Amino acid sequence: MTAPTLDAFLVSHKGEGDGLHAAVCETVRQLVLAARKIHSTINHGTLGVSFAGLNGRSNADGDYQRNLDVHANEVFLEAMRHAPVALYGSEESHSPILLDGEAALALAIDPLDGSSNIDTNVSIGTIFSILPVIGDAARTPEATFLQPGSTQIAAGFFIYGPQLAFVFTRGSGTHIFVYSTRLGTFVQAHESRSIPRKTQEFAINASNYRHWDEAVRLYIDDCLKGSEGPRGKEFNMRWIASLVAESYRILIRGGVFLYPGDARKGYARGRLRLVYEANPIAMLVEQAGGAATDTVDRILDLTPTDLHQRVPLVFGAAKEVEQIGRYHTEPSMIGERAPLFGHRSLFRV
């Protein structure tokens, strides 16, 4: 049986049959065209000075922009001018951009996730969230992006890796499509992915160990003790520094990802952006049977206060995410804290 193309998939999932579904489908089609352009640019091998280099400017969060960051933002913004999208909220723009005040949808987007990896040939990508417009898009554009993630209509990401892949949810499972150069379109590779509830693999930047709060340290300590420790099993550790790559790996083979807040300046409230990074990833993960929190509270229940608000993020295997939450809320109730396991961590000095 031939796997369906993305377009066939969109047509077959008609939702409630109103005009909103048609608008989402057309928006996705425009996003796909833009992603193919970005992928083509990357494949041309011109990422040296022209795209990997810094352009001397910073984005809305104060991070230095690489030339490919700017290029990707311009490509996606232009694509959305041809979609039924009222507002475009991007990591690269300080404020939402009004495109069509009469349209029903808004797009929140990180046009190029993992851009620090451009010159090392590690997978990078694009993350997006599709939201319903609230109120008057022209008069109060910011309000639309300050909805809890639970109101998202759709979410997804593209990953520019060995394969050009597209991960997407419309609220009925998380589906993965891979671009076929032979067919010239995306073909479904995985239908309704399911993340195993348990895992023996975690992803975290261990170089920040000394900056974490005690709950995160204790959790990692217990994982590192392996089968001889309180968890009673061996763990593998991964870290790619590309959210799309980490997310794709977890969707394909399971695991848990942690990017907690820490004691460094500017990191107390986390580093990833709630609206256009954490929310879409959380929706994709939950639709695959996983969980996503800010270490304690469900990501999709949080109400943003700013388009560029940062948040700690933990996602992946539901049981492991729950366990991480217990390290923060019920440390005295966790058997792992018995004196037998109180020796110093491999990371402690």
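Student: Which residue of β8 is the bridge partner of A155?

Tutor: The model is a predicted one, in which local features need pLDDT of at least 70, side-chain atom pairs count only at pLDDT 80 or more, and totals for chains, interfaces and linings use all residues. Residues are numbered from 1 along each chain as its sequence is written, and side-chain values use heavy atoms, with hydrogens and water left out. Strands here are DSSP E runs of at least two residues, helices are H or I runs of at least four, and both are numbered from the N terminus; two strands pair if DSSP finds at least two bridges between them. Strands β7 (residues 154–160) and β8 (residues 164–169) run antiparallel, joined by 6 bridges, and a hairpin of 3 residues connects them; in β8, A155 has as its bridge partner T169.

Student: How many of the residues of β7 are buried?

Tutor: Buried means under 20% relative accessible area, exposed over 50%, and partly exposed in between, with a 1.4 Å probe and protein chains only. On one side of β7, A154, G156, F158 and Y160 are buried, and on the other A155, F157 and I159 are buried. The count for the strand is 7 of 7.

Student: What is the bridge partner of A108 in β6?

Tutor: β5 pairs with β6 in the antiparallel sense over 7 bridges. Strand β3 (residues 85–90) is joined to β5 by 5 bridges in the parallel sense, with L87 opposite A106. In β6, the partner of A108 is S129.

Student: Why is β5 described as largely enclosed by the rest of the structure?

Tutor: Strand β5 spans residues 105–113.

Student: How many residues of helix α7 are buried?

Tutor: Helix α7 covers residues 243–253 and is largely enclosed by the rest of the structure. Its buried residues include L243, Y248 and L251, and just after the helix G254 takes a positive phi of about 90°. The buried count for α7 is 9 of 11.

Student: What span does helix α4 reach from its first C-alpha to its last?

Tutor: The expected span of a helix is 1.5 Å times one less than its number of residues. Helix α4 (residues 67–80) has 14 residues, with an expected span of 20 Å, and 10 of the 14 are buried, among them L68, F76 and M80. The span in the model is close to the expected one, at 20 Å.

Student: How far apart in space are V256 and K319?

Tutor: V256 lies in strand β13 (residues 256–259) and counts as buried at 1% relative accessibility. Contact means heavy atoms within 4.5 Å; leaving out residues up to four places away in sequence, V256 touches residues including F202, I250, F315 and E320. V256 and K319 are 63 residues apart in sequence, and their C-alpha to C-alpha distance is 9.7 Å.

Student: How many disulfides does a search of the whole structure find?

Tutor: A disulfide is a covalent bond between the sulfur atoms of two cysteines. The criterion is a pair of cysteine sulfur atoms within 2.5 Å. C25 is buried at 4% relative accessible area, and C223 is buried at 2%. The number of disulfides found is 0.
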